[in-house]
Amino acid sequence: MTAIDPSQLDAEARRARRFTRINKADAWFQVFGLAWMTPILKAAAGDNPRAQLSEIWRLLGVPLLAIAIFLVAWGTLAPKVQTSLGAIPGPAQVWEQAVNLNADATRERAKEVAFYERQDVRNAKLVADGQADKVKERVYTGKPTYYAQIWTSIKTVFFGFLIASLIAIPLGILAGLSATANAAINPLIQIFKPVSPLAWLPIVTMIVSALYATNDGLFSKSFLVSAITVTLCSLWPTLINTALGVSSIDKDLVSVSKVLKMSTYSKITKLVLPSALPLIFTGLRLSLGVGWMVLIAAEMLAQNPGLGKFVWDEFQNGSSQSLAKIMVAVFTIGIIGFLLDRVMYALQSMFTFSENR
């Protein structure tokens, strides 16, 4: 009988634990769009390197090749298309303007810091001279940087999305639980769901201007107009998916809740929501994507601060660099939209059951 080497057993145990950790990490790699990390780690751990190389090529090599082909085609064809703002900029010109926007933001940030430093020195001198009544705190009014406009758009879309979720989820639960409520809500969904943000925007602008007379409150008028427009256009996917998720829960579970004489609150929190969460999160992901697209259009049309206004201002500027800056904004909008979807997918993975975890 052959003796078993304890060191070999220990090595096999460590190898098994390593693969277990890799498989657990794979669930999160899938969430964040990093699925190609799994075969790299498995290949490094010695798990059938040839098969893992095939997976690396499929998950990482093919996408990178597609991006390279796109960049080459873009760089080749772009100079051949002439517009009123000059030739379509290629990848090099767009990257150059991205670097310039970053440099502009750095310079503007330095100006802001210097402004507040001068103000602090001036106020300190006034206090030292016994003239504290003349101390004034002014807000820096320089032009918003590209990053500030990105942050404005992100804040606006999340605020509008939050309001939409707070409206849509309760209404969806109500519609899913009650056939009468569903009959009442469904016609409104069918009528208002297809309405364009461009149609909502004038109405929202007039209502906000009438009800929000001052611009000195917690939120500016422009912020509220954009956020409410996002709300009106993005609540429908969440409402529909929530109603669908609630109405499709197992009828046996509903019967059990009746036998146990569960209260409405307990029924919703312990039975309905856990069963409907996957579809609710699907609706939330769709709503956030819709809200992000709607926001850019609303900011362009209403000239409200944000990425949409940045695009419109560059279009109106009409300089030789404007088109490249617009394309920087287009890529920024696309990348942020992807990241927002990944954030919602990560939350969905955390709060809903997955066979992979």
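Which residues does Ser 322 touch, not counting residues up to four places away in sequence?

Ser 322 touches Leu 85, Glu 314 and Asn 317, with residues up to four places away in sequence not counted; contact means heavy atoms within 4.5 Å. This is a predicted model, in which local features need pLDDT of at least 70 and side-chain atom pairs count only at pLDDT 80 or more, while totals for chains, interfaces and linings use all residues. Residues are numbered from 1 along each chain as its sequence is written, and side-chain values use heavy atoms, with hydrogens and water left out.

Ser 322 lies in helix α12; helices are DSSP runs (H or I, at least four residues) numbered from the N terminus. Ser 322 counts as buried because its relative accessibility is 0% (buried means under 20% relative accessible area, exposed over 50%, partly exposed in between, with a 1.4 Å probe and protein chains only). A polar atom of the Ser 322 side chain lies 3.1 Å from the backbone oxygen of Glu 314.

## Packing of α4 and α12

Helix α4 (residues 91-128) packs against helix α12 (residues 322-351) at an angle of about 80°, and their axes are 8 Å apart. Axes are lines fitted to C-alpha atoms, for helices over the stretch in contact, and angles run from 0 to 180 degrees between N-to-C directions. The angle therefore makes α4 roughly perpendicular to α12 (65 to 115 degrees; under 35 is roughly parallel, over 145 roughly antiparallel, and the rest oblique).

On the α4 side the contact is made by Gln 93, Val 94, Gln 97, Ala 98 and Leu 101, and on the α12 side by Ala 324, Lys 325, Met 327, Val 328 and Phe 331. By class, this contact of α4 with α12 has seven nonpolar, two polar and one charged residues. Ala, Val, Leu, Ile, Met, Phe, Trp, Tyr, Cys and Pro count as nonpolar, Asp, Glu, Lys and Arg as charged, and the others, Gly among them, as polar.

## Nonpolar cores

A nonpolar core is a set of buried Ala, Val, Leu, Ile, Met, Phe, Trp, Tyr and Cys residues joined through side-chain atoms within 4.5 Å. The largest such core has 37 residues, of which Tyr 146, Val 157, Trp 292, Leu 307 and Ile 336 touch the most other members. Two or more residues of this core come from each of α4, α5 (146-177), α8 (221-247), α10 (264-302), α11 (307-317) and α12. The largest share, 10 residues, comes from α10.

Leaving aside neighbours within four places in sequence, Trp 292 is in contact with Ser 153, Ile 154, Val 157, Leu 307, Ile 333, Ile 336, Gly 337 and Leu 340. Another core, of nine residues, lies apart from the largest one and includes Ile 185, Ile 189, Trp 236 and Leu 239.

## Two loop residues

Glu 137 is in the loop between α4 and α5. At 60% relative accessibility, Glu 137 counts as exposed. Its side chain makes polar contacts with the side chains of Gln 119 at 3.1 Å and Asn 123 at 3.4 Å. A polar contact is a pair of N or O atoms within 3.5 Å; within protein, one must be able to donate a hydrogen and the other to accept it, and residues adjacent in sequence count only if both atoms are side-chain atoms.

Gln 303 lies in the loop between α10 and α11. Its phi is near 60°, a positive value in a residue other than glycine. Most residues other than glycine have a negative phi. Gln 303 counts as partly exposed, at 30% relative accessibility.
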